[in-house]
Amino acid sequence: MREELLAIVERNSRIDLKELAVILGAEEIDVVNELEAMEKEGIICGYHTMIDWEKTSIEKVSALIEVRVTPQRGQGFDNIAERIYKYPEVTSVYLISGGYDLLVTLEGKSLKEISGFVSDKLSTLDSVLSTATHFILKKYKDHGTILAKKYEDTREKVTP
Amino acid sequence: MRDLLSRQAVNLKPSGIRKFFDIVSEMEDALSLGVGEPDFDTPWHIRDEGIYSLEKGRTFYTSNSGLKELREEICHYMKRKQGVTYDPLHEVLITVGGSEAIDIGLRAVINPGDEVLIPQPSFVSYEPCAIMAGGVPVIIELKAENEFRLTAKELEDAITDRTKILILPFPNNPTGAIMERKDLEEIAEVIRRHDILVMSDEIYAELTYKEKHVSIVEIEGMQERTILINGFSKAYAMTGWRLGYACGPRVILEQMVKLHQFAIMCAPTTSQYAAVEALRNGDPDVLEMRTAYNQRRRYLMHAFQEMGLECFEPFGAFYVFPCIKEFGMTSEEFANRFLEEEKVAVVPGTAFGDCGEGYLRISYAYSLDNLKLAIGKLADFVERLRAEKK
């Protein structure tokens with residue numbers, strides 16, 4: 001059941017538990033137990049809401065920042081990653097293979113705020129060698145959801 | 001002009017679905033549960049192959065039987081899924097949808113007066129195609145108490161010395177019924193004893209929700225007397241690409257290739273390239289869609305139970321076939337009133353044969369949200385009808 005359950009709640013974490021049980025062909029209590037178990041095991045780490053901020057009047061700017069760092073003896077990249085992810089404006093931190101080491105995503109109110117964060121906080125960290133900031137201009141698809149277009153049913157209404 | 005039209009064509013009954021379609025299409029804001037095709041878009045990697053083939057200039061006819069590459073992939077698929085072997089050179093033909101295969105398959109084997117056994121309720125094309133091929137359709141009325149499966153007894157009773165071929169439409173549109181191995185073994189015995197042919201329309205083979213689909217060709221002595229029909233429309237959500245195929249004995253396929261060659265030339269080239277990709281890398285997509293259909297199927301069965309609407313549990317295709325006999329209306333009356341009062345289209349069971357009377361076909365090729373909306377309206381309607389009766 002786990003795989004199917006996860007696939008559903010990944011797309012819709014607000015689904016009614018009774019309905020979830022029906023479509024999985026399971027008992028509601030088993031579904032609840034399974035969800036709780038997966039929360040405890042850290043498989044389910046949270047239930048978030050996807051928001052297209054573009055459609056609101058709230059100004060938001062996001063950026064991807066490539067960071068090159070010097071790994072520390074005995075700690076590898078973990079220490080420096082922690083120093084970065086503790087900032088609340090940082091939304092994600094990934095260790096990356098290839099030309100740079102960490103990919104940091106950042107959300108701020110304005111370009112100025114983000115550039116300020118990069119120059120004041122990120123670049124000044126001891127082990128950071130260099131950064132490259134890419135501002136996001138438009139989100140077409142996020143978390144598997146296409147933001148640019150709405151689904152439209154173009155089928156004939158009745159077919160054999 | 002005297003005698004302008006073919007009497008046989010004129011005498012064909014128009015499809016019952018067409019009639020209903022005309023009513024529905026006049027209503028702008030009608031919800032529909034009447035669609036016989038997947039709601040998913042064709043998976044992107046398959047569309048991408050189609051586009052790529054156009055870019056490369058693959059814009060010519062293929063051989064009459066279809067791309068050799070595709071026929072080989074179909075043989076691999078049949079081996080992988082059904083465990084049977086077909087020769088890609090002589091025993092596979094790519095057609096324009098499963099529908100063309102039904103038509104030319106019947107025309108390839110029917111002589112005037114041959115009887116064609118057609119279990120109903122079933123897809124709308126079998127009967128007219130049998131008639132246009134010069135055959136005599138003999139209807140076998142499937143029963144709700146058998147979960148709309150074909151039984152050996154029903155088959156035996158319908159066979160005469162003029163019987164030529166049995167059409168075997170499972171998983172079934174419109175009932176959602178399936179035939180399991182034991183059901184097939186029972187009818188196969190009758191088929192072998194009377195030495196008749198089978199046309200097995202397995203277009204919904206990938207959409208079963210119990211055990212994996214069993215084909216009649218897996219049963220001993222059946223492959224050599226069966227025209228197996230399948231296609232890409234339902235499994236890979238490729239209805240608009242118009243691509244199906246037939247597998248069968250070389251002697252029959254040779255005649256089908258001739259008819260196909262003179263009428264069609266070859267199936268659409270772009271679609272054939274896309275289909276190769278579907279067979280090679282489409283299994284995960286099929287699994288994902290099947291899982292979604294199954295969730296909706298469970299939701300519907302539960303909803304019917306809650307509203308006390310009688311319905312056997314179907315394990316195939318993407319249809320449910322609830323019984324509405326309790327309301328004392330014909331299927332058509334029910335569907336018309338439901339459309340008028342709640343603006344939801346469902347297809348009357350009678351569109352698939354007279355014995356569909358008292359039933360509705362409800363398709364679950366819709367998102368759960370859409371289903372919920374429409375089924376809520378059905379629950380209201382059913383409640384109102386029951387109140388009226390009191």
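Guide: A word on terms before we start. Helices (H or I, at least four residues) and strands (E, at least two) are DSSP runs, numbered from the N terminus. Also, this is a predicted model.

Visitor: Fine. Which segment holds Asp3(B)?

Guide: Asp3(B) sits in the segment before α1 (7-11) of chain B. Its phi is positive, about 55°, although Asp3(B) is not a glycine.

Visitor: Is Asp3(B) buried or exposed?

Guide: Exposed. Asp3(B) has 6 other C-beta atoms within 10 Å, and a residue counts as exposed if that number is 12 or fewer.

Visitor: Which other non-glycine has a positive phi of about 55°?

Guide: Ala237(B) has one. Look in the loop between β7 (226-231) and β8 (244-247) of chain B.

Visitor: And is Ala237(B) buried or exposed?

Guide: Ala237(B) is buried, because 23 other C-beta atoms lie within 10 Å and the cut-off for buried is 20 or more.

Visitor: Switching to peptide bonds. What joins Gln120(B) and Pro121(B)?

Guide: A cis peptide bond, with omega about 5°. Pro121(B) lies in the loop between β3 (115-120) and α6 (126-132) of chain B.

Visitor: What about Asn173(B) and Pro174(B)?

Guide: They are also joined by a cis peptide bond. Here omega is about 20°. Pro174(B) belongs to the loop between β5 (163-168) and α8 (181-194) of chain B.

Visitor: Now the big picture. How is chain B divided?

Guide: Into domain 1 (7-42 + 284-385) and domain 2 (58-280). Taken over C-alpha atoms, the centres of these two domains of chain B are 25 Å apart.

Visitor: How many residues are in contact between domain 1 and domain 2 of chain B?

Guide: Domain 1 of chain B gives 35 residues, and domain 2 of chain B gives 34. On the domain 1 side, α11 (283-307) and β9 (319-320) of chain B each give two or more. α11(B) gives the most to that side, with 7 residues.

Note on methods
Residues are numbered from 1 along each chain as its sequence is written. Chains are lettered from A and ligands numbered from 1 in the order in which they are written. This is a predicted model: local features need pLDDT of at least 70, side-chain atom pairs count only at pLDDT 80 or more; totals for chains, interfaces and linings use all residues. Domain bounds come from an automatic or database domain assignment. Two residues are in contact if their C-beta atoms, placed from the backbone, lie within 7 Å.
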